[in-house]
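Hi,

Here is the structure I promised to pass on to you. Have a look at it first, and then read on for what turned up in it.

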Amino acid sequence: MSRRPPTTYWDYIKVEQLLGLQTGIDGDESKLSNEEVLFIVVHQVDELWFKLVIRELVAVRDLLAAPFVPEQSLSDAVRRVRRAELLVRKVADHFEVMETLTTRDYLAFRDKLSPASGFQSAQMREIEVLLGLEASERIPLGGEKSYLDALRNHDGTPSPAYERVVARIEDRPTLKEAVQAWLLRTPIGGVPHDHPEAEARLGAFVDGYIEAYRAYVGDLEAQARVDARTAEDAERLARRYRAEADGVERHLRGLDVSEEERTRVVRIRAAVIFLESYRELPLLAWPRELVDGLVALEQACVVFRQRHARMVERIIGRRTGTGGSAGVAYLDETALRYRVFGELWAARTMLLPRHRLPDVVDATYYDFAGGQ
Ligand code: HEM
């Protein structure tokens, strides 16, 4: 066997190359303040973390996109989603380091950046695209340019960042699509999704769940009438509970979507409620963990956006961003509006306490041997 030469830390980690990358736009680190080097390093570290996030999301997407997802793959997917979530949380933690810059520190070199901006972070866009954020859901930056055009070179030619994001857009399915396809195959009511009785069992589950939810809020409403200080208070609460129950019915029957979409959407929504409700059944334990992990991942992304906005507000106030957006107002809007896994979040509003759940039909199907 031929022997390889001894490995060194510096060759393996590429330390010298890495330490040579903080030279700024003029290519001379010795001319930069500590604050500017810190600014560059934090962005570089974050981009590396984004790289890891993308790798994990691609792996999870590929696992779920398979026509059949065995239990082992599911536990692997959960582990990777949890890792991606942790990475996003760590990136958000780095804003604390950035906050050691005062407004004056930053203004001393800010002009050099313009019109560059985190808005041109191709990897952030890749993460959003990979998760399943649609172009139509994006908030315009403020100018007429689309988020993709902002990644072009100044002369309009495609940059490596542009190419990278376009390739990601073409790389389907998105994680959201893969998750939905997987959810569609959830056996509801003790039969596989393609069983002749699947639709009838799904319908029975939906009817039973809505009935149980109405009974639950009926009891809450009765208690509210006892607890309320005034008749108006009682009425207000009662109306709220009834609206909640109506919301559950609208959601689970897909009354808010077009008829063409309804069959598919109803099955996906019912699957999420079913998995979350009967998580103790052995075959549902990992799927439920995955759903929980995806919500945690999306929560980490929202927290990242909110944390970034607060850091930006502290350092530059509410002035226009170097990328030309409304700055903090734009960033806050992205935090409020960008949600990919709407169905998974919605289920949180609609879950029932365990003792109020209807019994599962054919529960033994969900034992480890039962579903084989
Ligand atoms: C002093 C530090 C920073 C300031 C003042 C700042 C400011 C801003 C502003 C104002 C925007 C809105 C677009 C624009 O008009 O430019 C933006 C976007 C963005 N920034 Fe920062 N940023 C800072 C540091 C960071 C860091 C460390 C990251 C980590 C990767 C980051 C990532 C992003 C991303 C991904 C966007 C695009 C957000 C979106 O379009 O959804 N920023 N930043």
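The ligand has 28 residues around it, and the closest of them are Ser117, Arg125, His308, Ser325 and Tyr330. Please keep in mind throughout that this is a predicted model. By residue type, the shell around the ligand splits into 14 nonpolar, 11 polar and 3 charged residues.

Which protein atom is a donor to the iron atom of the ligand? NE2 of His308 is the only one, at 2.2 Å. His308 also has a side-chain N or O atom 2.8 Å from a nitrogen atom of the ligand. For Tyr330, a polar side-chain atom is 2.5 Å from an oxygen atom of the ligand, and for Arg305 an N or O atom of the side chain is 3.0 Å from a ligand oxygen. As for the elements behind the shell, those that give two or more residues to it are helix H3 (34-65), helix H5 (95-98), helix H7 (122-131), H13 and helix H14 (328-337). H13 supplies the largest share, with 6 residues. His308 itself sits in this helix, which covers residues 282-316.

Now the chain as a whole. It holds 15 helices and 0 strands, and its C-alpha atoms fill a box of roughly 75 × 70 × 35 Å along the principal axes. Of its 372 residues, 42% count as buried. The exposed surface comes to about 20300 Å², and 54% of that is supplied by carbon and sulfur atoms. If you look at contacts between residues at least 6 apart in sequence, 74% of them join residues at least 24 apart.

Glu343 belongs to helix H15 (residues 342-350).

The side chains of Glu276 and Arg288 are joined by a polar contact of 3.2 Å. Beyond its sequence neighbours up to four places away, Glu276 touches Arg288, Val291, Arg348 and Leu351.

Phe368, by contrast, is in the segment after H15. With a relative accessibility of 52%, Phe368 is over the 50% cut-off and therefore counts as exposed. The C-alpha atom of Phe368 is 9.7 Å from that of Leu284, and the two residues are 84 apart along the chain.

- Ser114 and Pro115 are joined by a cis peptide bond, with omega about 0°. Pro115 is in the loop between helix H6 (103-113) and H7.
- Arg172 to Pro173 is also a cis peptide bond, with omega near 0°. Pro173 is in the loop between helix H8 (160-170) and H9.
- Lys14 is not a glycine, yet its phi is positive, at about 60°. Lys14 is in the loop between helix H1 (9-13) and helix H2 (15-19), and is partly exposed, with 43% relative accessible area.
- Asp362, likewise not a glycine, has a positive phi of about 50°. Asp362 lies in the segment after H15 and is partly exposed, with a relative accessible area of 40%.

Best wishes

How values were computed. Residues numbered from 1 in each chain as written. Predicted model: local features only at pLDDT ≥ 70, side-chain atom pairs only at ≥ 80, totals over all residues. Heavy atoms only, no water. Donors = N, O, S within 2.8 Å, 3.2 Å for Na, K, Ca; no water. Helix = DSSP H or I, 4+ residues; strand = E, 2+ residues; numbered from the N terminus. Near = heavy atom within 4 Å. Polar contact = N/O pair within 3.5 Å; in protein donor to acceptor, adjacent residues only side chain to side chain. Nonpolar A, V, L, I, M, F, W, Y, C, P; charged D, E, K, R; others polar. Buried < 20%, exposed > 50% of the residue type's maximum accessible area, 1.4 Å probe, protein only. Contact = heavy atoms within 4.5 Å. Areas by Shrake-Rupley, 256 points an atom, 1.4 Å probe, with all protein chains shown as cover.
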